[in-house]
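User: I would like to learn how to read side-chain contacts, pockets and backbone geometry in a protein model. Please take the features one by one.

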Amino acid sequence: MTSQRTRNRLIQRLADEGISDARVLEVMANTPRHLFIEEALAIRAYEDTALPIGFGQTISQPYIVARMTELLIQRAKRLDKVLEVGTGSGYQTAILAPLVEKLYSVERIEPLLLKARKLLGELGLRSVEFRLSDGSLGWAEEAPFDAILSAAAPATIPAELKSQLAPDGVLVIPVGSDIQHLTVVTREGDSDKFTVERVEPVRFVPLVAGVVRQ
């Protein structure tokens with residue numbers, strides 16, 4: 001259930017669901033999702049479904065990972081510096097890292113961060129910097145970012161993340177409480193104006209403040 005053939009079936013399913021960017025499909029075909037979940041769930045690794053990873057968190061559904069990644073790399077004018085909010089299992093990180101120049105990833109739960117950092121190192125993904133921090137605060141010291149992707153849903157779009165976008169920067173984020181929508185926020189040049197586009201309904205864990213240490 002973890003073979004390349006099994007992965008390829010998932011990729012075909014993603015293509016059938018509308019994921020068309022060849023770069024995204026190739027990276028997902030080459031990324032061993034079963035390594036990012038508990039061994040007991042490995043048989044379900046290439047199903048198009050979210051799975052638990054502990055601490056009340058999930059590894060996102062492959063379609064959603066692909067969709068968010070596709071939106072980000074197609075909408076952003078540059079991909080030199082990109083911020084990920086919510087490292088989680090590290091799967092989204094592993095998909096995004098090969099497609100951008102430098103990736104900064106923030107996670108609030110220390111055991112998840114340490115595990116993801118170790119696994120991505122073993123997979124040879126060296127272009128990622130990790131930080132234990134409240135994701136809603138972004139990573140101000142490294143801002144501005146050409147693009148930001150959030151793997152957790154705030155009730156409203158965090159002003160802090162918008163302020164850390166570079167000119168023409170793009171934020172891809174699920175937004176909402178009971179009802180959530182995948183949303184694309186684009187900074188208009190170097191102004192303080194932003195366009196907001198709702199893309200489709202989604203379901204994510206909430207973006208929570210604070211840090212959980214080991």
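Predicted model: local features only at pLDDT ≥ 70, side-chain atom pairs only at ≥ 80, totals over all residues.

User: Where do Phe36 and Tyr91 lie in the chain, and are they buried or exposed?

Analyst: Phe36 is in the loop between helix 2 (22–29) and strand 1 (51–54), while Tyr91 belongs to helix 4 (residues 91–96), so the pair ties together parts 55 residues apart in sequence. Both Phe36 and Tyr91 are buried.

User: What geometry does the pair of Tyr104 and Phe145 have?

Analyst: Tyr104 and Phe145 are edge-to-face, 5.7 Å centre to centre with 65° between the planes. Tyr104 lies in strand 4 (residues 102–107) and Phe145 in strand 6 (residues 145–150), so this contact ties together parts that are 41 residues apart in sequence. Tyr104 and Phe145 are buried. Together with Trp139, Tyr104 and Phe145 form one aromatic cluster.

User: Which charged residues lie over the rings of Phe145 and Phe194?

Analyst: Lys81 lies over the face of Phe145, 5.7 Å from the ring centre. Over the ring of Phe194 sits the charged end of Lys162, at 4.8 Å from the centre.

User: Lys81 also takes part in a salt bridge; which residue is its partner?

Analyst: The general idea is that side chains of opposite charge can pair when their charged atoms come close. The partner of Lys81 is Glu142, at 3.6 Å from N to O. Lys81 lies in strand 3 (residues 81–85) and Glu142 in the loop between strand 5 (128–132) and strand 6, so the bridge ties together parts 61 residues apart in sequence. Lys81 is partly exposed, with a relative accessible area of 24%, and Glu142 is partly exposed at 25%.

User: How many salt bridges are there by this rule, and which parts of the chain does the one between Glu38 and Lys115 link?

Analyst: The count comes to 12 salt bridges. In the bridge between Glu38 and Lys115, the closest N and O atoms are 3.1 Å apart. Glu38 is in the loop between helix 2 and strand 1, and Lys115 is in helix 5 (residues 110–122), 77 residues apart. Glu38 is partly exposed at 42% relative accessibility, and Lys115 is partly exposed at 47%.

User: How far apart are Glu122 and Lys118 in helix 5?

Analyst: In an α-helix there are 3.6 residues a turn, so residues three or four places apart point the same way. Glu122 and Lys118 are four residues apart in helix 5, separated by about one helical turn. The two form a salt bridge whose closest N and O atoms are 2.5 Å apart. Glu122 is exposed at 54% relative accessibility, and Lys118 is exposed at 56%. Elsewhere, a network of salt bridges links Arg67, Glu70 and Glu200.

User: Which residues of helix 2 are buried, and what covers them?

Analyst: The buried residues of helix 2 are Val24, Leu25, Val27, Met28 and Ala29. Their cover includes helix 1 (4–16), helix 3 (62–75) and helix 4.

User: How much space lies in the largest pocket, and which residues are closest to its centre?

Analyst: Rolling a probe the size of a water molecule over the atoms shows where empty space is left. The largest pocket holds about 450 Å³ of space. It is lined by 33 residues, of which Thr58, Ser60, Ala151, Phe204 and Val205 are the closest to the centre. Strand 2 (57–59) supplies the largest share of the lining, three residues.

User: Which peptide bond is cis, and which residues have a positive phi without being glycine?

Analyst: The bond from Ala143 to Pro144 is cis, with omega near 10°. Pro144 is in the loop between strand 5 and strand 6. Phe55, in the loop between strand 1 and strand 2, has a positive phi of about 60°. Asp168, in strand 7 (residues 165–175), has a positive phi of about 65°.

How values were computed. Residues numbered from 1 in each chain as written. Heavy atoms only, no water. Helix = DSSP H or I, 4+ residues; strand = E, 2+ residues; numbered from the N terminus. Buried < 20%, exposed > 50% of the residue type's maximum accessible area, 1.4 Å probe, protein only. Phe/Tyr/Trp six-rings, centres within 6.5 Å; stacked < 30°, edge-to-face > 60°. Lys NZ or Arg CZ within 6 Å of the ring centre and 35° of its normal. Salt bridge = Lys/Arg side-chain N within 4 Å of Asp/Glu carboxyl O. Contact = heavy atoms within 4.5 Å. 1 Å grid on protein atoms, 1.4 Å probe; cavity = no way out; pocket = protein on both sides within 12 Å on 5 of 7 lines; lining within 4 Å. Points joined across faces, edges and corners; volume = space filled by probe spheres on them.
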